[in-house]
Amino acid sequence: MFYKNIVLALLIELGLEDLAKYPFIKEAGEYIKKLNIQIEDLNHPDYINIIQRAKERIKDAINKRMVSKEIQKAEVDILSFPIALLIVRMCNNDYLASIYSLAEAIRIEEFLKYERKSIISHIFKTVLNIDVIEVLEDNLMHQFDYKIKIKEYLKRSTQFHELEWKLINRVVNQGYVYLKTHELIRLIREEIRKIIYNRIKNMATPKLPKVIEDAVSEISGMVQKLIINKERISSTLTPKNYPPCVNYALNTLQKGQNLPHFGRFLLSTYLLNIGKTVDEIIQLYPKLPDFNERITKYQVEHIAGLRGGRIKYKCPSCKTLQTHGLCFKDETCDEIKNPLQYGRVKSKNKR
Amino acid sequence: MDDKTLALMKQAFKQYYFKAGDKIIPPTRMSEREFGYIPFGGSMIRHLSFKTFGDLYALLVREAPHSVYYSAAYYHEPTLPMHDKGWKGGDLIFDIDADNLKLPCKKDHDLWECKNCGLKRIGLRPEKCPNCGEVSISELNWACEKCLEAAKNEALKLIEILMKDFGINKSEIKTYFSGNMGYHITIESAEFEDLDQTARSEIADYVSGRGLIPESIGVFKRATYEDLLKNLPRVGEPGWRGRLAISFKNWKVKGFDNDNDVIKKIATLYGKIRYSKFKKRLEVEALNMGAVIDTMVTTDVHRIFRMPDTLHGETGLLKKMCDNLLDFDPLNEAVVLSDELVEVFIDYSPKFRLKDQIYRTFKKEKVKLPLMAAVYLAGKGLARVI
């Protein structure tokens, strides 16, 4: 295996463009190290483009939830990444670190989808220690691009709640799970996000040059506005009589953590059924790392029966929620079959 | 159980363990596992650890327990409370129990007893006692030869999936008769040992055929006939697609009598019954083709499991490794107690076989039985020493 890795490394030539696409890999770090830039150098006008690009990366994350894929100059892009990390670190805001790392992970995912197979294998091996094997021509397996060991698949697939990710819905043979490129790449988004997030969290906090200090206060200002906005919105709902599953979903949203698709479905159907409007519901979501207002609006309207098949969806039953691991029952739940019954039963029991 | 019967059982177990020292294969990674046992007439004692096989064997001979368990998990400190043990990993385990197969013969040999009025009957447990209306009713599950054979078939199905789909070598799959109603399968492999509860539950669902969606075999809600001809699985494909392709041969669809047009047959059927009904049919088919396992056992990473080469307190039979499962006869090969005669009173017992001897049905009678048969009935509470 060791020998095989050396051969693989020799076969792969990573150009500057590649390092710009994947600035979190070791080779990009080595490239920057060789340039021997000191932090105080950043005040020099030569670096203005780099700092500008670093700020853009963060603003993209805040405004568009994905860092732009455009690479104008590879060197600038590569250097802007650690500077963006530093700015996020110095803003000292968990929410920002969270959305920024996800936005970078989505950018990387977009590049990987169309990447050379040798680079995909190299990144999976060196960054995540996963052996990805290319599926060569085979009549029965021609629709797949890669295979990975079952345990590597399961360690990542169980974070998804959609049934298509269940092992039984995959082609499994001789210890391997067969995947198409986009599936393989989707599998590791969260891990890449965590790598970037941890790099931000573990960064030292050096004395900053003026130009970085300015960037930090600019970005901090943006984040503050965003947070005030969210808090105003979330304070409109103070659910005392919501069932624990719905409260769990709400709390997850309020912490800005990822809520699985089915959790969002539960929340939307529940709130629509108790008389909340589509707009009130959409306003709950902006804290989510992957929030897209247009898509969320469409989805909630769809659930409300205003679009698509014009079916107003019912709130899922307690049994279904259990299957999806979203049931957090308390004693009131023993008497109900659907979360919608909770409020009524709880107030009756109080009396 | 009365004291005399308990004493007989304990003595029988003690005698066996005393002689069987060299037949017991110590569990691997022994010092990392938690052990537990149920003494005759007592309740479970857990969180034990043994550094050497000598220490463990001394316990078997001294206590001659009703049941002995060891953890599938490996811990840093097996004797500490669960949260402090430090989970390091664990064997991948499967439990196949004839009782979960819900076979038709259950009603011929299972027994129930009302905890209120004491009414006893053969058959499936009713929801409430027909005599007094009590809902608290105890149940005695019996495994007849048909049950054990059916459990063996499930084990064979499971082993095939583990070998073909999971790529596990036959030598890594240890199959045991459980000592009572079925089979245990243990896989000790670095490939699977560090999987968490959710990953294990995915494996449990996979082998039992649970959670399969039509999309995984190329059947979408809006799929056209042509889409289906292209996407439906062919015989020879790996995994569940291939497994279902084989089963499609047996699906009956009007107008399709031969095996040549299986794909067309299924595509036509889909055109007739559409998505929801097709999905239901597929789900039933997958469950039939999967192995019936107790998913809780596979999923629970802290589970303690009966230790191989120990006796089962409800039967006196051994949890025994099956080198050749196909030919394994549990009611012969797992019988290890002596044939010394003991006198017992039998309340009721169905017909059964142990070794090569067939025992008739007994009803409220005093009989002299070989120790192995006396323990077999006494362990289930059907006989008592007089």
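Let's begin with a word we'll need: two residues are in contact when they have heavy atoms within 4.5 Å. Hi everyone!

What we have here is a predicted model, where local features need pLDDT of at least 70 and side-chain atom pairs count only at pLDDT 80 or more, while totals for chains, interfaces and linings use all residues. Residues are numbered from 1 along each chain as its sequence is written, chains are lettered from A and ligands numbered from 1 in the order in which they are written, and side-chain values use heavy atoms, leaving out hydrogens and water.

First, the contacts. In chain A, 71% of the contacts with a separation of 6 or more come from residues 24 or more positions apart. Of the chain's 351 residues, 51% count as buried, meaning under 20% relative accessible area with a 1.4 Å probe, protein chains only.

Next, the secondary structure. Chain A has 17 helices and four strands; these are DSSP runs, H or I of at least four residues for helices and E of at least two for strands, numbered from the N terminus. The C-alpha trace spans about 70 × 60 × 35 Å along its principal axes.

Now, a pair of helices. At what angle do helix 4 and helix 5 of chain A pack? The angle is about 60°, with the axes 8 Å apart, for helix 4 (residues 48–64) and helix 5 (residues 74–91); axes are lines fitted to C-alpha atoms over the stretch in contact, and angles run from 0 to 180 degrees between N-to-C directions. Helix 4 and helix 5 of chain A are therefore oblique to each other, since under 35 degrees is roughly parallel, over 145 roughly antiparallel, 65 to 115 roughly perpendicular and the rest oblique.

Which residues meet there? Among them are A:Ile51 and A:Ile58 in helix 4, and A:Leu79 and A:Phe81 in helix 5.

Definitions and conventions:
Buried < 20%, exposed > 50% of the residue type's maximum accessible area, 1.4 Å probe, protein only.
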